[in-house]
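Subject: A structure for you to look at

Hi,

Here is the structure I promised to pass on to you. Have a look at it first, and then read my notes below.

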Amino acid sequence: MDNAAKLQVIRARTRRRFVFTLITLLLYFSFILNWTALGDSLAGRLGMSHVTGSLLMFAALIVTFILLELVFLLMNRATTRSGEDS
Amino acid sequence: MDAVAISMFLVFVLATLAISYWASRRTLSSQDFYTAGGQITGLQNGTAIAGDFMSAASFLGITGLMFLGGFDGLVLALGAFAAWPLLLFLLARRVRNLGSFTFVDVVSQRLERTRIRVVAAGGTIVVVVLYLIAQMVGAGKLIQLLFGLPYEVAVVAISVLVLAYVTFGGMLATTWVQIIKAILLLTGVTITAFMVMYLSGFSLENLLATAVIQHPGGERILAPGVLFDSPVQVATILVSMLFGTLGLPHILMRLFTVPDMHEAKKSAFYASLFMGYFYLALVIVGFGAVAFVYGNPAFFTAEGQLIGGSNMAAIHLATAVGGNLLTGFMSAVTFATILAVVAGLTVSGAAAISHDLYAEVLCKGAPDARRELQLTRLTTVVIGVIAVVLGILFQNENVAFIATMPMVVAASVNFPILFLSLYWSGLTTRGAIAGALVGLLSSVSLIVVGPQVWVSVLGFERALFPYDYPALFTLPLAVLVMSVVSWLDNSDRAAVDRSNYHSLLVRSEFGESGRPPPMARH
């Protein structure tokens with residue numbers, strides 16, 4: 001792979017990195033909503049149960065982050081197989 | 001504590017000492033000492049990273065915070081977890097492809113080697129020492145509670161044990177102690193969570209309902225607002241935890257213990273998987289502590305204080321749901337946790353001094369290997385002594401709070417240097433140093449004048465700065481200074497720094513199989 005092709009691959013990878021990073025950061029900092037008036041509805045109980053939207057959000061964020069990593073790794077594996085790393 | 005529990009403790013200590021002896025016979029060079037020869041697999045390394053990061057601060061501290069304030073304690077758990085996806089997305093490949101022993105190796109390939117090493121190693125040492133405080137306090141309190149030893153004696157005993165691991169076994173012993181500890185901790189947390197659910201009829205609803213009845217705060221513990229009442233306060237914690245973790249030298253160092261960047265990326269993913277499970281289980285353990293410890297007077301002093309303080313809520317929960325057997329197991333696991341983290345930190349601190357400063361700066365990259373290893377071992381002893389002194393000074397603080405302080409420094413010094421040197425062609429040595437110094441001074445100063453140190457440690461009535469963890473302000477400040485100074489830098493060195501970026505970028509993405517990376521112009 002020549003230098004220009006390498007730079008093109010790097011640009012694509014960097015874009016991908018930043019997209020995944022941006023999604024993660026948006027989700028992560030949305031947790032702050034729990035402490036604002038906008039997040040009042042999150043703090044309430046879900047129906048008659050003691051589980052609150054805030055608790056559910058915590059668990060959902062952890063699972064989502066793991067899934068994002070998995071997608072990122074699978075995308076990387078696909079591009080590696082196509083010879084991008086050579 | 002009964003004989004079974006003490007036996008578990010001793011078995012663990014003896015097993016880990018045996019590992020150190022085994023590892024010491026395989027630690028012949030500095031590379032062995034710092035990175036276990038680069039031969040750890042992705043799964044092993046991911047487990048060791050999880051073992052390194054699921055510290056006393058996470059287990060004892062977050063459970064303690066949930067015991068005090070319910071849901072709010074989870075802020076630190078989310079903060080501790082979310083850095084791992086970003087480590088995978090932004091750093092794992094590039095850092096692994098460029099470095100050899102420490103993250104300072106990465107930045108010094110592009111920037112002027114001597115000056116940047118001195119500054120970055122200084123940041124590393126501050127972070128390591130601050131992080132050690134949290135671990136020593138957690139361990140000291142645990143031993144004090146379990147064996148009835150004076151706190152000071154407990155802290156010295158722990159330090160001696162860790163020094164035995166690190167001085168002789170280096171990173172190989174540290175890695176295996178961390179792997180074993182991660183497995184034990186996950187097992188212990190699973191058993192505790194299972195017992196909590198068993199006693200709650202396997203109903204989360206029952207558990208939360210019991211917790212609400214037992215806690216003085218009642219239903220407020222299920223929602224935000226008990227410990228933290230302002231969004232800015234929460235933002236300061238989240239920024240510190242996220243970007244601080246990405247700048248922790250002992251975590252970044254683990255990326256070099258694997259053979260290549262594929263294994264490095266796998267490490268980050270496995271670490272996330274284990275930690276995701278751990279933090280989800282902590283929800284049950286935390287609310288379990290509220291439900292089963294509050295109502296039991298045996299865990300409280302005559303004055304109504306929790307015996308051993310809130311940091312010991314997790315251990316009391318083990319007693320409440322599993323008797324002496326589970327208490328002994330969880331205590332041994334927690335102790336192992338602390339030893340493993342302290343060992344990792346000590347290796348990292350020793351590497352900053354003997355590799356980054358002695359070998360690379362003083363000896364210009366050509367040190368006498370035997371002397372370097374000797375210096376490394378001497379440095380571990382000095383770090384151990386510092387840890388003991390600071391552990392005694394900060395003994396009355398919550399460990400989760402203390403552990404966030406080094407995160408602030410790492411977020412304001414190490415992370416911006418590392419991130420900008422990997423992703424911004426305009427960064428110059430002058431800009432990096434100016435920004436790092438501003439980040440270091442501002443973060444340490446604001447921590448000192450903040451509530452945790454100014455009021456709790458130094459005894460003043462009111463803090464001069466309202467937040468404990470100022471990274472929300474100091475990280476942007478450091479990045480701003482790095483950017484402005486780099487933009488204004490017209491020196492010859494700045495031109496070299498900028499021209500080095502292209503080759504570093506290609507190398508960071510594609511690596512260079514079979515031979516070491518060519519050095520940039522210095």
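Over all chains, the count comes to 24 aromatic pairs. Here, rings of Phe, Tyr and Trp (its six-membered ring) pair if their centres lie within 6.5 Å; planes under 30 degrees apart count as stacked, over 60 as edge-to-face and the rest as tilted. One of these pairs joins Phe243(B) and Phe415(B), which are tilted, with 5.1 Å centre to centre and 45° between the planes. Phe243(B) belongs to helix 10 (residues 231-246) of chain B and Phe415(B) to helix 15 (residues 399-423) of chain B, so the pair ties together parts that are 172 residues apart in sequence. Helices are DSSP runs (H or I, at least four residues), numbered from the N terminus.

Another pair, Phe278(B) with Tyr279(B), is edge-to-face: 5.1 Å centre to centre, with 70° between the planes. Both Phe278(B) and Tyr279(B) are buried. There is also a cluster in which ring pairs link Phe18(A), Phe243(B), Phe415(B), Phe419(B) and Tyr423(B).

A word on what you are looking at: this is a predicted model, in which local features need pLDDT of at least 70 and side-chain atom pairs count only at pLDDT 80 or more, while totals for chains, interfaces and linings use all residues. Residues are numbered from 1 along each chain as its sequence is written, chains are lettered from A and ligands numbered from 1 in the order in which they are written, and side-chain values use heavy atoms, with hydrogens and water left out.

The pLDDT is the predictor's confidence in each residue, from 0 to 100. Chain A averages 88, and 93% of its residues score at least 70. Within chain A, confidence is highest in helix 1 (residues 3-29), at 92, and lowest in helix 2 (residues 40-43), at a mean of 83.

Now for the charges. How many salt bridges does the structure hold over all chains? There are 10, where a salt bridge is a side-chain nitrogen of Lys or Arg within 4 Å of a carboxyl oxygen of Asp or Glu.

Arg93(B) lies in helix 5 (residues 74-98) of chain B and Glu509(B) in helix 19 of chain B, so the pair ties together parts that are 416 residues apart in sequence. Arg93(B) counts as buried at 2% relative accessibility, and Glu509(B) does at 1%. Arg13(A), Arg17(A), Arg93(B), Arg94(B) and Glu509(B) are linked in a network of salt bridges.

Arg94(B) turns up again over the face of Tyr423(B), at 4.2 Å from the ring centre. Lys6(A), for its part, lies over the face of Phe510(B), at 5.3 Å from the ring centre. The rule is that NZ of Lys or CZ of Arg is within 6 Å of the ring centre and within 35 degrees of the ring normal.

One more salt bridge to look up is formed by the side chains of Asp105(B) and Arg117(B) (2.8 Å, N to O). Asp105(B) is in helix 6 (residues 103-107) of chain B and Arg117(B) in helix 7 (residues 113-147) of chain B, 12 residues apart. Asp105(B) is buried, with a relative accessible area of 5%, and so is Arg117(B), at 3%.

Lastly, two places in chain B. Phe202(B) sits in the loop between helix 8 (151-199) and helix 9 (204-214) of chain B, and Phe202(B) has a positive phi of about 55° although it is not a glycine. Gly328(B) lies in helix 13 (residues 313-362) of chain B and counts as buried at 0% relative accessibility.

Enjoy exploring!

How values were computed:
Buried < 20%, exposed > 50% of the residue type's maximum accessible area, 1.4 Å probe, protein only.
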